[in-house]
Amino acid sequence: GTCLLKMSRYEEAESEMLEALRIYRGGPIDPNRATNAMEQLAELYKLWGKPDQEAHYRELLAAPTAPPP
């Protein structure tokens, strides 16, 4: 997803990043990976000009325990 983001291929990056977040949240994986995925999604939406989606992930990151999106 990150490479696609750097290439401004936002729709493809979004799909990959959302899938990664789903996987990270669904299994016994380091919770920092889910946090990193949400940070990347927030950055994606910022660059893509989608402030509502960016705000959603920024709010999740600011929550004491980040709930599923």
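Tyr 10, Tyr 45, Trp 48 and Tyr 57 form one aromatic cluster. The model is a predicted one. There are 3 aromatic pairs in the structure.

- A pair of aromatic rings is described by two values, the distance of the centres and the angle of the planes.
- For Tyr 10 and Trp 48, the centres are 5.8 Å apart and the planes are at 35°, and the pair is classed as tilted.
- Tyr 10 belongs to helix 2 (residues 10-26) and Trp 48 to helix 3 (residues 31-48), so this pair ties together parts that are 38 residues apart in sequence.
- Tyr 10 has a relative accessible area of 19% and is buried, because the cut-off for buried is under 20%.
- Trp 48 has a relative accessibility of 21% and therefore counts as partly exposed.

**The pair of Tyr 45 and Trp 48**

- Trp 48 also forms an aromatic pair with Tyr 45, and this pair is stacked, with 6.2 Å centre to centre and 5° between the planes.
- The stacked label applies because planes under 30 degrees apart count as stacked.
- Tyr 45 counts as buried, with 3% relative accessibility.

**A charge at Trp 48**

- The ring of Trp 48 has the charged end of Lys 50 sitting over it, 3.8 Å from the ring centre.

**Helix 3 as a whole**

- Helix 3 has 18 residues, and the distance from its first C-alpha to its last is 26 Å.
- That span is close to the 26 Å expected at 1.5 Å a residue.
- Just after helix 3 comes Gly 49, which takes a positive phi of about 75°.

**The buried face of helix 3**

- The buried residues of helix 3 are Ala 34, Ala 37, Met 38, Leu 41, Ala 42, Leu 44 and Tyr 45.
- Seen down the helix axis, these buried residues fall within an arc of 160°, so they line one face of helix 3.
- Helix 1 (2-6), helix 2 and helix 4 (51-62) are among the parts that cover the buried residues of helix 3.

Terms used: Residues are numbered from 1 along each chain as its sequence is written. This is a predicted model: local features need pLDDT of at least 70, side-chain atom pairs count only at pLDDT 80 or more; totals for chains, interfaces and linings use all residues. Side-chain values use heavy atoms; hydrogens and water are left out. Rings of Phe, Tyr and Trp (its six-membered ring) pair if their centres lie within 6.5 Å; planes under 30 degrees apart count as stacked, over 60 as edge-to-face and the rest as tilted. Helices (H or I, at least four residues) and strands (E, at least two) are DSSP runs, numbered from the N terminus. Buried means under 20% relative accessible area, exposed over 50%, partly exposed in between (1.4 Å probe, protein chains only). A charge sits over a ring if NZ of Lys or CZ of Arg is within 6 Å of the ring centre and within 35 degrees of the ring normal. The expected span of a helix is 1.5 Å times one less than its number of residues. The arc is that of the directions from the helix axis to the C-beta atoms. Contact means heavy atoms within 4.5 Å.
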